[in-house]
Amino acid sequence: MSLPLDGIHHVALITADYPAAKAFYTKVLQARVIEETYREARDSYKLDLALPGGAQLELFSFPNPPARVNGPEACGLRHLAFSVTDLDTAIEHLTTHGVASEPVRIDELTGQRFTFFKDPDGTPLEFYERPTETNGF
């Protein structure tokens, strides 16, 4: 019996500054709001966001969450990568919104270009330029 896995449904992120994170993901990354819920018992928001391709982000706010481990090599989520069709345009978009990105690098295994940047909580994010030709995947 094979596993009927067909993709990633969502990635969940916790923010220390809900208004800043909501603005970043909806205005800068242009994710579409599916639903926003305030959970009074937890003093917490849950924001469901739609991304192109069908994946979703769940953005949670909690009072005083612990800080993220700063090192990128810590166990757990290393970074979240978004595919883009034009890396230069994506970087220009970040810049117009006051978001700094690292210098463009080339993936030594695929030859594709990519850059890293951070959300308001310091979560490492990546724009990875999608190949113009696919290899069947």
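Is Phe82 buried or exposed, and what is its relative accessibility? Phe82 counts as buried at 13% relative accessibility, where buried means under 20% relative accessible area, exposed over 50% and partly exposed in between, with a 1.4 Å probe and protein chains only. The legends below concern a predicted model, in which local features need pLDDT of at least 70, side-chain atom pairs count only at pLDDT 80 or more, and totals for chains, interfaces and linings use all residues. Residues are numbered from 1 along each chain as its sequence is written, and side-chain values use heavy atoms, with hydrogens and water left out.

**Figure 1. The largest nonpolar core.** A nonpolar core is a set of buried Ala, Val, Leu, Ile, Met, Phe, Trp, Tyr and Cys residues joined through side-chain atoms within 4.5 Å. The largest one has 24 residues, of which Tyr25, Leu29 and Phe127 touch the most other members. At least two residues of this core come from each of helix 1 (18-28), strand 3 (44-50), strand 4 (56-61), strand 5 (80-84), helix 2 (87-96) and strand 8 (124-129). Helices (H or I, at least four residues) and strands (E, at least two) are DSSP runs, numbered from the N terminus. Helix 1 gives the largest share of the core, five residues. Leaving aside neighbours within four places in sequence, Leu29 is in contact (heavy atoms within 4.5 Å) with Phe24, Phe82, Phe117, Leu125 and Phe127. In soluble globular proteins, nonpolar side chains tend to be buried together.

Figure 2. The open sheet has the strand order 5-8-7-6 and mixed pairing; two strands pair if DSSP finds at least two bridges between them. Strand 5 and strand 6 (105-106) are the edge strands, each pairing on one side only. Strand 6 and strand 7 (residues 113-118) run antiparallel and are joined by two bridges. Across this pairing, Arg105 stands opposite Phe114, and Ile106 has Arg113 as its bridge partner. Strand 7 also pairs with strand 8 in the antiparallel sense, over five bridges, and there Phe114 stands opposite Tyr128. Helix 2 lies across strand 5, strand 7 and strand 8 and runs at about 15° to strand 7; axes are lines fitted to C-alpha atoms, for helices over the stretch in contact, and angles run from 0 to 180 degrees between N-to-C directions.

**Figure 3. Two hairpins that involve strand 7.** Six residues lie between the strands in the hairpin of strand 6 and strand 7, where Gly111 takes a positive phi near 80°. The hairpin of strand 7 and strand 8 has five residues between the strands, and here Gly122 takes a positive phi near 85°.

**Figure 4. Aromatic pairs.** Rings of Phe, Tyr and Trp (its six-membered ring) pair if their centres lie within 6.5 Å; planes under 30 degrees apart count as stacked, over 60 as edge-to-face and the rest as tilted. A search of the whole structure finds nine such aromatic pairs. Tyr18 and Tyr45 are stacked, at 4.5 Å centre to centre and 5° between the planes. Because Tyr18 lies in helix 1 and Tyr45 in strand 3, the pair ties together parts that are 27 residues apart in sequence. Tyr18 is buried, with a relative accessible area of 9%, whereas Tyr45 counts as partly exposed at 31% relative accessibility. Phe82 and Phe127 form an edge-to-face pair, with 6.4 Å centre to centre and 70° between the planes. This pair joins strand 5, the place of Phe82, to strand 8, the place of Phe127, and so ties together parts 45 residues apart in sequence. Phe127 is buried, at a relative accessible area of 7%.

**Figure 5. The surroundings of Phe117.** Phe117 lies in strand 7 and counts as buried at 4% relative accessibility. Ring pairs link Phe117 into a cluster with Phe24, Tyr25, Phe82 and Phe127. Not counting residues up to four places away in sequence, Phe117 touches several residues, including Leu29, Leu94, Val99 and Leu125.

**Figure 6. Salt bridges of Arg113.** A salt bridge is a side-chain nitrogen of Lys or Arg within 4 Å of a carboxyl oxygen of Asp or Glu, and a search of the whole structure finds six. Arg113 forms one with Asp88, the closest N and O atoms being 3.2 Å apart. Arg113 lies in strand 7 and Asp88 in helix 2, so this pair ties together parts that are 25 residues apart in sequence. The side chain of Arg113 also meets that of Glu129 in a salt bridge (3.0 Å, N to O). Arg113 is partly exposed, with a relative accessible area of 22%, while Glu129 is buried at 13%.
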